[in-house]
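Here are a few friendly notes to read alongside the model. Please keep the viewer open as you go through the points.

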Amino acid sequence: MGGTPQVMATAAEVRKRVGRARASGESVGLVPTMGALHGGHLALMERARAECGYVVATVFVNPTQFPPGDDFERYPRDLDGDARKAGEVGVDLIFAPPVGEVYPPGDCTFVEVTGPLVECLCGPHRPGHFRGVTTVCARLFNMVGADRAYFGEKDYQQLLVLKQMVRDLSIPVEIVAVPTVRERDGLAMSSRNSYLSAEEREAATVLYRALSAAEREAASGERDAVALVSGVSEMIEGEPLVELQYAELRDAETLDELARLDRRAVLAVAAFVGKARLIDNVVIEPRG
Ligand code: AMP
């Protein structure tokens, strides 16, 4: 495997190349990313490589999904490094458009999922974020025309919001979910981990430690949501360098709040560690 993939900046070029792949009978996989690629992104690309004849990755730091004052300007960017890493896992084409290609001057259209899926967890904390995500993904899906698009469970709420959008708009793409890839000490890989000092990096491991402790409690029979969530909150709040934003237990399909762990559920957290806002989650299946 390998070779640096072709990097294209316009939808017209991409469409032509993807059209050729399609004409020769290949299925097309799409991996949307904001770049600064790490092992999590590469797992999505490997999965796409295994399941599709032709693999396109997008590298686009999407301005509309950053709330005002967020880290759009300082978000890490490294297109050359990204192209090399993507090539190593067999990506065929990188689509790295300038902002004006995705948002042409004078454009007036957003795509927005409304209702419970966006009104909880990260939704209220990051106004406009999911609207930006659905808008850019709808545009990328139209530009590339993939059969499958690969997203990480690390961004669990995003995954559900995108599935809802695709269903509601009958977009002919299958959303494929890929499990969270972690560092050896459990920290979920994230482009934002590069913001962490050595001390903060160490402190950040509390997120997954807390989620894992709750998983163990659930496995040994704890069903009370308050008990599970307060265990997580207390552990995270006990770490001075970490500022918890939320810890919540919700239905894994609808994101309805749960009083008891009586169905498949997602336990999700968000926290600031220094300048980095990090999220993580585990999906828990109650047994017995
Ligand atoms: P981003 O570049 O952060 O927008 O992420 C692009 C895609 O990679 C999204 O589908 C994310 O959910 C996914 N992703 C990011 N981090 C991880 C991770 N640690 N494990 C699996 N997928 C991830």
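This is a predicted model: local features need pLDDT of at least 70, side-chain atom pairs count only at pLDDT 80 or more; totals for chains, interfaces and linings use all residues.

1. R84 is partly exposed, at 45% relative accessibility, while E88 counts as exposed because its value of 53% is over 50%.

2. A search of the whole structure finds 16 salt bridges. In one of them, the side chains of R49 and D92 meet at 2.9 Å, N to O. This pair links distant parts of the chain, 43 residues apart: R49 belongs to helix α2 (residues 39-51), and D92 to the loop between α3 (79-88) and β4. D92 is partly exposed, at 27% relative accessibility.

3. Next, look at E253 and R264, whose salt bridge has its closest N and O atoms 3.2 Å apart. Both lie in the loop between β7 (242-251) and β8, so the bridge ties together parts eleven residues apart in sequence. E253 is partly exposed at 49%, as is R264 at 30%.

4. Now for the nonpolar side. The largest nonpolar core has 50 residues, of which V56, F141 and M165 touch the most other members. Helix α6 gives the most to this core, nine residues, and domain 1 (6-178) and domain 2 (191-282) each supply at least three. Setting aside neighbours within four places in sequence, M165 contacts V111, V113, T134, C137, A138, F141 and I171.

How values were computed: Residues are numbered from 1 along each chain as its sequence is written. Side-chain values use heavy atoms; hydrogens and water are left out. A nonpolar core is a set of buried Ala, Val, Leu, Ile, Met, Phe, Trp, Tyr and Cys residues joined through side-chain atoms within 4.5 Å. Buried means under 20% relative accessible area, exposed over 50%, partly exposed in between (1.4 Å probe, protein chains only). Helices (H or I, at least four residues) and strands (E, at least two) are DSSP runs, numbered from the N terminus. Domain bounds come from an automatic or database domain assignment. Contact means heavy atoms within 4.5 Å. A salt bridge is a side-chain nitrogen of Lys or Arg within 4 Å of a carboxyl oxygen of Asp or Glu.
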